[in-house]
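These are my notebook entries on a two-chain model. I set down what I looked up, in the order in which I looked.

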Amino acid sequence: MSVKELLKSHGTPPREVYFDLENSPFVPKEVVEEMLPYFNKYGYGNPAITHKPGWEAYGVLLEAKEFIAKTICAESPEEIVFTHSGTEANNLAVLGIALKNRKRKGKIVVSAIEHLSVTFAAEYSSKLFGHEVAVVPVDEDGFIDPEIFEAYMSKDVFLVSIQTVNHEIGTIQNIKELVKIAKDYNPDVVFHTDAAEAYARLRFSVKDLGVDLVTLSSSKIHGPRGAGALYVRRGIELEPVIRGQISVEKLWPGAENIPAIVGFKKAAELAFDNFEENVKKMKNLRDMLMEGILDRVPDVLVNGPRGNLRAPDNVNVSFLYVEGEALTIELSLRGIYVSSASACTSRMLEPSHVLLAIGRKYEEAHGSILFKISRYHSEEDINYALENIVEAVKRLREISPIKGVKNE
Amino acid sequence: MPLLYSPKVLEIFKNPKNLGKMEDASVVAEAGSPACGDIIKIYLKIEKVDGEDTIVKASFESYGCAANIASASILTELVKGKTIKEAWNISWKQISDELGGLPSIKYHCSILAVGALKRAIRKYYKDRQRPEWLPEEETPEEKQALEVERLIERLYKGLEQVGT
């Protein structure tokens, strides 16, 4: 089967709107241009080597650490450790702490809706070192009840990992409160939060939250793939989980991806310039899309909370009586690029664990579509999307034998 | 794992043939369930042609992915004009081949399509005299289709139990 033929059959729609920022970024021109010199003109050396291109690379790496540290109110740039992705940062956090605790019996506490790079890393630690993994349930909007969370605390818990913002349904967790509960119980517990979905869209201070480890990712903020970061509070000890030649990062061997780190920093700068305005724009477009869908398409469920405790960029809805994969293809033919948590798109024939954890039935999860809004979208984009969503859902419902709905 | 469809699947997804309910169908059957995210419902109009029970018209409705819709559509094309005996022998592999080869993870869509067809044929002969060529026992292909349904149901029930 040839990809070329498939793409030819698909054709290029007259207008294209990319909403799948969860799965891969759209990298704006300013970011790409900022990166380009670092491939062959300046700072293309290895930052650990003693020559001019190496020192240039080291200099720009430090600047990126300084900037990122400042944006999350870290005490020192040294607390920022670069990896090559958010998945790697989550693995470093969970397995790095697990390795440190490999000789003891102990417990890792995660929520039921963590990113799989946390969930699977915790399960792996259980397999390797016999650590117990406790999974805290969430309510129908994805929130953790502090009282239930407290019931999971015990003296043998050495690591807690709870997302700041959920990547699928946009739930904003009260991390500060959960940290307080965990630390009141045991001041030595390490608290990790995967903030890849929160960074550059919510303002937060690591000091105020009281967290020890924080995951950030370039590709979630319109930066390029190939750069992620873990904030490691000074004094927190963890072990590297991969082995190899140390360059700058002692915790993540291998040469740092300087062009990607430069792009990561530039993307963060752009997001933090006019931060409030950017967020306000995203929220307006988010509400326009979500309300538009609810107004114009019958039998739709909103996945995740509504209002201020929903991430400014997240729209996730289930279109009942249609299957999500078919809908992603129907929308793709119309130039609207989204993803679904349907079993058919998971390649595992199982729908998303996040949607099941908030109590969605299989048939409700199958019809889910995730849109990620960004400041690069316009009202025209949303209107174009709405018109086509109405048409696409109508067409697939006409094909469907399940009719809980009148197609007018 | 990339999910690459053949251009044929995409073409049929865009313009499915024989789509929709058939008011004067001789028999209707479906396979799959909403929980597994895959339902194929087929409608057959059966008449005697030269003394043989023949499928003169076929149509479908489908809830599922692009492969599901394409499998159902191609099946209705394949059976049209065939005697029921001929239709009984259509295999899931034939459907997959007609579609330019389905990705392996989507084989179950063509298995489900054949399952729905066989179920319709069984149903048709339920109150009629069973022809000799129609095996009394469930065939491996029918079992396979049922297994696809059951697998997901088991999974679903398992999860519900965990939830309670």
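**Entry 1. Confidence**

For the complex, the predictor reports an ipTM of 0.89 and a pTM of 0.93. I then looked up chain B by itself and found a mean pLDDT of 89, with 91% of its residues at 70 or more. I keep one caution in mind for the remainder: where pLDDT is low, the predicted coordinates should not be read in detail.

**Entry 2. Domains of chain A**

I looked up how chain A is divided. Domain 1 takes in 3–27 + 275–399, and domain 2 takes in 36–272. The centres of domain 1 and domain 2 of chain A, taken over C-alpha atoms, are 28 Å apart. To their contact, domain 1 of chain A gives 26 residues and domain 2 of chain A gives 24 residues.

Which elements give two or more residues to the side of domain 1 of chain A that touches domain 2 of chain A? I noted α11 (275–296), β10 (314–319) and α14 (353–357) of chain A. Of these, α11(A) has the largest share, with three residues. By class, I recorded 14 nonpolar, nine polar and three charged residues on the side of domain 1 of chain A that touches domain 2 of chain A.

**Entry 3. Where chain A meets chain B**

I next turned to the interface between the chains. In it, 25 residues of chain A are in contact with 30 residues of chain B. On the side of chain A that touches chain B, the elements giving two or more residues are α1 (3–10), α12 (324–333), α13 (343–346) and α15 (362–366) of chain A. By class, the side of chain A that touches chain B has 14 nonpolar, five polar and six charged residues.

**Entry 4. The sheet of chain B**

I traced an open sheet of three strands in chain B, ordered β1-β2-β3 and paired antiparallel. Its edge strands are β1 (27–33) and β3 (52–63) of chain B, each of which pairs on one side only. On average, neighbouring strands of this sheet are turned by 20° against each other, direction ignored.

I then followed one pairing in detail. Strand β2 (residues 38–49) of chain B is joined to β3(B) by 11 bridges in the antiparallel sense. Ile46(B) has Ile55(B) in β3(B) as its bridge partner. Helix α2 (residues 66–79) of chain B packs on the sheet and touches β2 and β3 of chain B. The direction of helix α2 makes about 165° with that of β3(B).

**Entry 5. Two enclosed strands of chain A**

Why do I call strand β3 (residues 107–111) of chain A largely enclosed by the rest of the structure? I do so because five of its five residues are buried. On one side I listed Lys107(A), Val109(A) and Ser111(A), and on the other Ile108(A) and Val110(A), so both faces are covered by the burial count. β3(A) pairs in the parallel sense with strand β4 (residues 132–136) of chain A over five bridges. In this pairing Ile108(A) stands opposite Val133(A).

I reached a like entry for β7(A): five of its five residues are buried, so it is largely enclosed by the rest of the structure. One face holds Leu213(A), Thr215(A) and Ser217(A), the other Val214(A) and Leu216(A). Strand β6 (residues 190–194) of chain A pairs with β7(A) in the parallel sense over three bridges, and Asp194(A) stands opposite Thr215(A). β7(A) and β8(A) run antiparallel and are joined by five bridges, with Ser217(A) opposite Gly228(A).

**Entry 6. Positive phi angles**

Lastly, I looked up residues with a positive phi that are not glycine. His222(A) has a phi of about 70° and is found in the loop between β7 (213–217) and β8 (228–232) of chain A. Is His222(A) buried or exposed? I count His222(A) as buried, because it has 24 C-beta neighbours inside 10 Å.

Asn18(B) has a positive phi of about 60°. Asn18(B) lies in the loop between α1 (7–14) and β1 of chain B.

Definitions and conventions: Residues numbered from 1 in each chain as written. Chains lettered and ligands numbered in written order. Predicted model: local features only at pLDDT ≥ 70, side-chain atom pairs only at ≥ 80, totals over all residues. Pairing = 2+ DSSP bridges. Helix = DSSP H or I, 4+ residues; strand = E, 2+ residues; numbered from the N terminus. Axes fitted to C-alpha atoms, helices over the stretch in contact; angles between N-to-C directions. Contact = placed C-beta atoms within 7 Å. Nonpolar A, V, L, I, M, F, W, Y, C, P; charged D, E, K, R; others polar. pLDDT = per-residue confidence, 0-100. Domains from an automatic or database assignment. Buried ≥ 20, exposed ≤ 12 C-beta atoms within 10 Å, placed from the backbone.
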